[in-house]
Structures are given as structure tokens and as C-alpha cells.
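Have a look at the model first, then we'll get into strands and charged pairs.

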Amino acid sequence: MNMKRILPILILFSSWVVVSCKSTGTIETQVWGHSDHGVDGDKNVWMKAPPAGEGLQIAVQPFIVPGDSVEVQGNFYFHLPTSVPFDVGVIEIAMNEGTHHMNMYKSTVKWPADSGIPRPIVFTHLDGKVDTQNVRYQAEFNATIVRNGGDMMVEAQVPYLNWTFPKLPTGEQTSVHFGANDTVIIENHYVNVPNLNGGGSQLTPNGKGKIIINLWKAQAASTVHASMMFARKTTSLIIPKYSDTVAQKSCYFSPTTLRAAPIYMLGMTGHYHSRGKNFWVEKRRAIHDGAGALISDSLIATIYRSPSWDEPPFAVFDPPIQLNLAAGDYIKYYAEYVNNTGNVIKFGPHVAVEEHMNLFTWFAPGWNDGQTLYDDVSN
């Protein structure tokens, strides 16, 4: 494994140890946080599952990401392998290099017709039972349908992520909540493309994608359920040819049910493509008079920054960052793009020819006990 590619995430967590192994089939092992994990002789990731009674594992088996200049995008549909609801206190993710992102939703969406492409997943259940199933798969995102009927629970853009949900300043433990046998969708995007319009490369070295997710049960008897806010700048995101452009977007957490008391941001990551050179997020405060006219809009702090488009770091806020919504607190995010081509770049999912400007923020107490807040923005 290329250790340089995971350094941005290592600084966010506690003690870690690297153990190099020479034995056949395993070239590297890391012991970080909860689970041993590493890369085998075929450059596929592996990760130890939680012990019986402590959590479950979802392991999408290797799938082909062919040749150069290829992007593989698709959705895996299945039911969470648990017959009881549970709160998740730690999320671990291991993925082969070449991942651009992986999103996991719990959903009420009706399952689409199967693509006919076998996609095996190995499930390790809460009780320790292990079984393999060929799950329903579609070789396209269906992103709008998925998000209209689902809540995003997990988002990852780095080969390894280990996130322990923090406690609130009140001492309450935060978590994300899953129900028994929830319908789950894994949205996956792998890239194997060199020389992305002068924006560098993103490659899948062994030509295979693989995804492993560990969901550890929260240790506290009761928890505060977190939500995600997922904001995007879509139709108005246009990067002119031969330009250096900065785009911005404001997020206000507008549902009235959130505004009676402070909320706390637990973690955050940004997302853009190969024209992106800098991404940052500010905590701001806007003060209005009695008629609603803006009196002042001031910067409180810059709370996130990433110069990396292919593996933006995941920031853990422990202690969480407080937003006093009643006082006018909000967050604003920015992305700088350099387009050195003769093509106008617009919003879209393909790394090679389109751009994104997305922000993922987990906060608690959550909205409607954990429902995702999509595009809660003014511009």
C-alpha cells in the first residue's frame, strides 16, 4: 500500500502501529483503532470483522475496474444482515486503491431490476455467522432516486477510515441508527484514469475494486442519533475554459425543529474532481435586524480545508463544533478550480470530464431522529 496516500487521514486518529509481513499472500498489516487490516498479495484489502455481538461486516468481493481511462460506477442493493435494530458507534472502511468515493444509504426505494452481473458480498452477522450472497446490482448510480428515498449513513473517499463517534459536551454519546433488516444501498465509484485534463491521475493499480465496511455497536445504553447534511452545488457550477474559478455555497440547517437549541458538527469531508485545487469550510454568523435585513456577516473560524481532490481528508470534530442556529450561525464552503483546457466544465459524476462541489457534514442531535438533510442551502 502506498503510505503517502493515507497520511491525511492518519493524523485524525489516535495511536497506530504498522507491521510489515513477508508471508505469502499478505504484504502489510496495520493495527489502528479497532480492527487489523491490510492488503494481500493481489493488492486487495482485507479487514478483520468485529467479534460476535459487537458488530457486523459487509465485504463486497473484488470486481473488475478494467484498463486505463475507465470509471466504474454502480449501486449494490441488499438487506442489512441483522434481525434487530442497533446504534453504530464506530465505522471502519477499507477499500482498494482507486476508489473515488463510496456512499452507503438506508433506503425505502423499491429495488430495481437486476443487471444480471453477479456481485457477491460476504456478510458477518451480529452473532458471528458468516454467509455469502449474490446481491442485486445496477451498473449506474440512479442517484436522484436513491437520495429521494434514502438517508446517507456513510461516506468515504480514502482507502482506510476509522471513525469513532464523539460525545456531545453534555456527555451524551452520538451514533447513527440502523433498523432490523434495513434496505441498504452501496453507491460506488472507482477510477482508473491517467492524465485527467492536467489535473493528475487516479488509478486502480490491480484493476479491481473492493469495499469492506465494519459497523460496531455503540457501547452506551442510549445514544443521540446523528444526521448527515449533504449539500451540492449543481446546475450553477460552471468552470469556464482557461480559468481560475472560486465557487461558494451557504448552508443554514433550516428545518425549524433544529433551531430551538444548538447543534454540534461531528465530522466533515469535501468532494470535488481533478480541476479542484482547494476546498475549505467556514463557520460564520449572520445577524439581521427585526425586518430581516442583514446587519453583519462575519467569519468565526475556518473549520475544514483540503487541497486533495482524489483523497480529501475526513475531519473528526472531537469535541464537536457547536452551531448556535438561533444566533445566526451557519457554514459556508468554497472550492477553487483551475481549468487549463479549452472546454467548459460543468457539474456531473465523471471525474475525467465533469466537476463536483459537495459537502458532507454529520451533526447531532439529528433531524427527525437521523434523517439526512439534503441541500439545505440558500445559493
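Q: How many of the five residues of strand S14 are buried?
A: Keep in mind that this is a predicted model. Strand S14 spans residues 174–178 and is mostly covered. Buried here means under 20% relative accessible area, and the count of S14 residues that are buried comes to four.

Q: Which way do S7 and S14 run, parallel or antiparallel?
A: Strand S7 covers residues 86–95, and three bridges join S7 to S14. Across that pairing, Asp87 stands opposite His177 in S14. As for direction, S7 and S14 run antiparallel.

Q: What is the bridge partner of Thr174 in S17?
A: S14 also goes with strand S17, residues 224–225, and those two run parallel. Two bridges join them. In S17, the partner of Thr174 is Val224.

Q: Which residue forms a salt bridge with Lys249?
A: Now for the charged pairs: the structure holds six salt bridges. In this one, the closest N and O atoms are 3.6 Å apart. Lys249 sits in strand S20 (residues 243–251), while its partner is in the segment after strand S28 (373–374), 126 residues apart. That partner is Asp375.

Q: Is Lys249 buried or exposed?
A: The cut-off for buried is under 20% relative accessible area. Lys249 has a relative accessible area of 4%, whereas Asp375, at 29%, is partly exposed. So Lys249 counts as buried.

Q: What is the relative accessibility of Arg285, the salt-bridge partner of Asp329?
A: The side chains of Asp329 and Arg285 meet at 2.6 Å, N to O. Asp329 is in strand S25 (residues 329–339) and Arg285 in strand S22, 44 residues apart. Asp329 is buried, with a relative accessible area of 2%. Arg285 counts as partly exposed because its relative accessibility is 30%.

Note on methods. Residues numbered from 1 in each chain as written. Predicted model: local features only at pLDDT ≥ 70, side-chain atom pairs only at ≥ 80, totals over all residues. Heavy atoms only, no water. Salt bridge = Lys/Arg side-chain N within 4 Å of Asp/Glu carboxyl O. Buried < 20%, exposed > 50% of the residue type's maximum accessible area, 1.4 Å probe, protein only. Pairing = 2+ DSSP bridges.
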